[in-house]
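Good morning, colleagues. Please take a moment to look at the chain on the screen before we go through it together.

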Amino acid sequence: MRDLADLELAHRLADQADAIARGYFSTATVESATKSDGSPVTEADREIEIVLRSLIRQEHPDDAFIGEEFGAHGHGRRRWIIDAIDGTASFLAGEPEWSTLIAVEEDGRITLGMVSAPALGRRWWAKPDSGSWTGSYPSTPDTTAHRLALSKGGSAQNAAIGIWPPPPRLNQQERAVAARLARSVNQVRPALDWTAAEPTAPAPRKPSTGSGTCHGALLVATGQLDAFLLLGAGPWDIAPLIPIVQEAGGTFSDLTGQHRTDTGAALFARPRLHQQLLDIAATAN
């Protein structure tokens, strides 16, 4: 029953995060700062992480915690992994493709993943062996959750994939991998010169922009893309999506084929494409 209790708590955490984020999102301006990696951060990011960290500590004082803004706290076999606002740039631009990401890790295995996107009115969640689900939020008594299910996919040359972030934010090796994949598939989003190191104007839009989702991996879980490669990522960007994609019938690994969230790379794909894409990426090294 621990899994059900974790899921119920994750929904409550997401409700709290949604309420805080909506309060900031509805204002005319949200102040931000630039972090060392060039990405923006707002007071909403910080407040949500502080509040969720406190709520988790109250419910599970022995559980560890790691978040994007304030790092790791505690040690133990269970760990909560939080990204207070994934898609802060979209949040600042007044676009709806941003979310709170929540995961539970037990003995190195992700046992719960949740993505809550209040501006889209949607939430996605999954636990191992329990299916991958999406529903509208805030929920009403007649809200029905829908189970996600993917086909296995086909060949890489006919595939549509997403890659993020854009090439100026990647190192030389990452750009080589992205460019090799982009040349080997039918369609890549965004459609860029993935070898270019200089910024372009206008700035590229995320693959999820205008899609009704808020993360490239959700495009895979919902069947809108065949694969998604995320580079330069932290565990908070990756872990919550793993069970959602896998329980929908998809696959996940880093670029070496390992099931890890700490190497900075995540490939989510339909099953028949996954190894093909890993092989293509390997030839760029």
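This is a predicted model: local features need pLDDT of at least 70, side-chain atom pairs count only at pLDDT 80 or more; totals for chains, interfaces and linings use all residues.

Where is the place of Asp 107? Asp 107 sits in the loop between strand S6 (99–106) and strand S7 (109–117). Asp 107 is not a glycine, yet its phi is positive, at about 50°. With a relative accessible area of 57%, Asp 107 is exposed, because the cut-off for that term is over 50%. Another loop holds a further example: Asp 129 lies between strand S8 (122–126) and strand S9 (132–136). Asp 129 has a positive phi near 65°, again in a residue other than glycine, and Asp 129 is exposed, with a relative accessible area of 73%.

Let us turn to the backbone at two prolines. Trp 164 and Pro 165 are joined by a cis peptide bond, with omega at about 5°. Pro 165 belongs to the loop between S11 and H4. Arg 189 and Pro 190 are likewise joined by a cis peptide bond, with omega at about -5°, and Pro 190 is in the loop between S12 and H5.

Trp 164 and Pro 165 bring us to the largest pocket. It holds about 1,100 Å³ of space. There are 47 residues lining the largest pocket, and the closest to its centre are Ser 39, Trp 164, Pro 165, Arg 169 and Lys 206. Strand S5 (78–86), helix H3 (88–92), strand S13 (227–231) and helix H6 (235–238) are the elements that give two or more residues to this lining.

Next, a helix. Helix H2 (residues 43–59) has 17 residues, which should span 24 Å at 1.5 Å a residue; the end C-alpha atoms are 24 Å apart, so the two values agree. Which residues of H2 are buried? They are Ala 44, Asp 45, Ile 48, Glu 49, Leu 52, Arg 53 and Ile 56. These residues cover an arc of only 155° around the axis, and therefore lie on the same side of H2. At the start of H2, a side-chain oxygen of Thr 42 comes to within 3.1 Å of the backbone nitrogen of Ala 44.

I now come to some buried residues elsewhere. His 215 is in the loop between strand S12 (187–189) and helix H5 (216–221). Its relative accessibility is 5%, so His 215 counts as buried. The side chain of His 215 reaches the backbone nitrogen of Ala 217 at 3.0 Å. Beyond its neighbours within four places in sequence, His 215 is in contact with several residues, including Asp 86, Leu 101, Phe 228 and Asp 237.

His 274, in helix H8 (residues 271–282), also counts as buried, at 8% relative accessibility. With neighbours within four places in sequence left aside, the contacts of His 274 are Thr 251, Phe 252, Ser 253, Leu 267 and Ala 269.

Ile 161 belongs to strand S11 (residues 160–164) and counts as buried at 3% relative accessibility. Not counting residues up to four places away in sequence, Ile 161 touches, among them, Leu 181, Val 188, Ala 227 and Leu 277.

Finally, Arg 175 in helix H4 (residues 172–184) is buried, with a relative accessible area of 15%. Apart from residues up to four places away in sequence, Arg 175 touches Pro 167, Leu 170, Trp 194, Thr 195, Ala 196 and Ala 197. Thank you for your attention.

Technical notes:
Residues are numbered from 1 along each chain as its sequence is written. Side-chain values use heavy atoms; hydrogens and water are left out. Helices (H or I, at least four residues) and strands (E, at least two) are DSSP runs, numbered from the N terminus. Buried means under 20% relative accessible area, exposed over 50%, partly exposed in between (1.4 Å probe, protein chains only). Contact means heavy atoms within 4.5 Å. The expected span of a helix is 1.5 Å times one less than its number of residues. The arc is that of the directions from the helix axis to the C-beta atoms. A polar contact is a pair of N or O atoms within 3.5 Å; within protein, one must be able to donate a hydrogen and the other to accept it, and residues adjacent in sequence count only if both atoms are side-chain atoms. On a 1 Å grid over the protein atoms alone, a cavity is a set of points where a 1.4 Å probe fits but cannot get out, and a pocket is an open set with protein on both sides within 12 Å along at least five of seven lines; lining residues have an atom within 4 Å of a point. Grid points are joined across faces, edges and corners, and a volume is the space filled by probe spheres set on the points.
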